[in-house]
Amino acid sequence: MSTPLQNQLQALPTYLGAKRKLLSWIQSGLSQICPAPHWKDLTFIDLFMGGGSVSLWAKAQGFQQVIANDISLRSQILATAFLCNQRVTLTQSDLLGLTQNLPEGAGWIEAVYSPSVFSSRHAQALDTGFYWASQHPEPSKRALLLTVMWHLASDFVAFPTSLGSSNRPFAEALDGLRRWDDLNPKRYVDESLKRLCEPTWTRLGQKARLVNGGVMGGSPVQVYQADALAILPTLQGDILYLDPPYAGTVSYERGNQVLDALLAGKISPEPTVVSAFSKGVAALEALLSQAEHIPIWLLSYGNQELSLADLEELVRVYAGERTVVGYAKRYKHLSHVSRNESNEELLVIAYPQGGF
């Protein structure tokens, strides 16, 4: 049976590196050193908000305050829709607005991303929906409508965490440019075909109900859009959650290039700058060196370049008198296509000696 929080988390679109499925594990680790009854008096900082699941979880837990930061536009849209928003939801009228005729010359998605990413009919729907979503004058509703369209765009590709060129075979098949029999059979196991063949707007009401379900009251949330290394020394709080891009993994800039273009309403150029966190551990060390003023650290990381023992040792260098403990969890992302059996999620916690 799903819980209210699980239903609220479903409002968040699929996202590369999201921690939705790992929240109970993260919560368990934190609870062992800082029991939940104390949280109402503490400030929780989510320095790399990303897909918003940890910040939304923290909002629901009753912390005295939640501080969320991320430099990306995609994260800021989620923050406006769900973190700062305590009550505004979408109406039927708001949804109908997404299906108006597109003004002459306003569309660009079909010309740029069909059939490399989307079929022509899907691209046309995205042109219309994203345009009208971006025109809504009320910030919370605009963000909610953009999130609805984000959900639909994810439904229009085979593997929703990757809005990229891997969807070309499906898009070409839908447009009659390729035989369905020529597709790799493993592409059918996630029910992509069923989703892609439904009428374009069939899911609109469903997605709106999903998104409205994520709007809730809870802890006050303060949101920033800043470089993590620059803003960390200025933030005051009790618990610091760090989920930077993992060294040795795909960069968020490249992985989200198409999504970022859809949300911004313009063609996204090929990324020329890759996050320093994706390149190696030096940026992570610089981050830890700036976190001394916050008592409790929670660090999520992957094992692509560091083992759990290596990561614990790295954290100890900067943790001072804190106690450092670590946990590892075998985790396969997109299990229906991934062959990597050795991926692990790592969680390292540093906290004052004797508890909190």
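Biologist: Are Tyr246 and Tyr301 buried or exposed?

Modeller: In this predicted model, Tyr246 is buried, and Tyr301 is buried as well.

Biologist: What makes Trp39 and Phe63 a stacked pair?

Modeller: Let me begin with the total, which is eleven aromatic pairs. For Trp39 and Phe63, the ring centres are 5.1 Å apart and the planes meet at 10 degrees. Pairing asks for centres within 6.5 Å, and stacking for planes under 30 degrees apart, so this pair is stacked.

Biologist: Why do you say that the pair ties parts of the chain together?

Modeller: Trp39 sits in the loop between α2 and β1, while Phe63 sits in the loop between α3 and β2, so the pair links parts that are 24 residues apart in sequence.

Biologist: How do you know whether Trp39 is buried or exposed?

Modeller: Its relative accessible area is 1%, and the limit for buried is under 20%, so Trp39 is buried.

Biologist: What makes the pair of Tyr246 and Tyr301 tilted?

Modeller: The centres are 5.2 Å apart and the planes are at 50 degrees. Stacked needs under 30 degrees and edge-to-face over 60, so with 50 degrees the pair is tilted. Tyr246 belongs to the loop between β4 and α13, and Tyr301 to strand β5, so here the parts tied together are 55 residues apart in sequence.

Biologist: Which residues do ring pairs link into a cluster with Trp39?

Modeller: Phe44, Trp57 and Phe63 are linked with Trp39 in that cluster.

Biologist: Let's turn to the helices. How do you know that the span of α8 agrees with its number of residues?

Modeller: Helix α8 has 17 residues, and at 1.5 Å a residue it should span 24 Å; its end C-alpha atoms are 24 Å apart, so the two agree. Of those 17 residues, 15 are buried, which leaves α8 mostly covered.

Biologist: What makes Glu138 a cap for α8?

Modeller: A side-chain oxygen of Glu138 lies 3.2 Å from the backbone nitrogen of Ser140, at the N-terminal end of α8. The limit for a polar contact is 3.5 Å, so the distance of 3.2 Å falls within it.

Biologist: Why are β3 and β6 called edge strands?

Modeller: The sheet is open and mixed, with seven strands in the order β3-β2-β1-β4-β5-β7-β6. β3 and β6 each have a single partner strand, so one side of each is without a neighbour in the sheet. The average twist is 15 degrees from one strand to the next.

Biologist: What makes β6 and β7 a pair?

Modeller: Eight bridges join these two antiparallel strands; at least two are needed, so they pair. Tyr327 faces Leu347 of β7.

Biologist: Why does Thr200 count as buried?

Modeller: Its relative accessibility is 16%, and the limit is under 20%, so Thr200 is buried. Thr200 is in the loop between α10 and α11, and its side chain has a polar contact of 3.2 Å with that of Arg121. Beyond four places in sequence, Thr200 also touches residues including His122 and Phe156.

Biologist: And why does Ile231 count as buried?

Modeller: Ile231, in helix α12, has a relative accessibility of 8%, and under 20% means buried. Asn69 is 162 residues away along the chain, yet the two C-alpha atoms are 8.8 Å apart, and Asn69 is among the residues in contact with Ile231.

Methods. Residues are numbered from 1 along each chain as its sequence is written. This is a predicted model: local features need pLDDT of at least 70, side-chain atom pairs count only at pLDDT 80 or more; totals for chains, interfaces and linings use all residues. Side-chain values use heavy atoms; hydrogens and water are left out. Helices (H or I, at least four residues) and strands (E, at least two) are DSSP runs, numbered from the N terminus. The expected span of a helix is 1.5 Å times one less than its number of residues. Buried means under 20% relative accessible area, exposed over 50%, partly exposed in between (1.4 Å probe, protein chains only). A polar contact is a pair of N or O atoms within 3.5 Å; within protein, one must be able to donate a hydrogen and the other to accept it, and residues adjacent in sequence count only if both atoms are side-chain atoms. Rings of Phe, Tyr and Trp (its six-membered ring) pair if their centres lie within 6.5 Å; planes under 30 degrees apart count as stacked, over 60 as edge-to-face and the rest as tilted. Contact means heavy atoms within 4.5 Å. Axes are lines fitted to C-alpha atoms, for helices over the stretch in contact, and angles run from 0 to 180 degrees between N-to-C directions.
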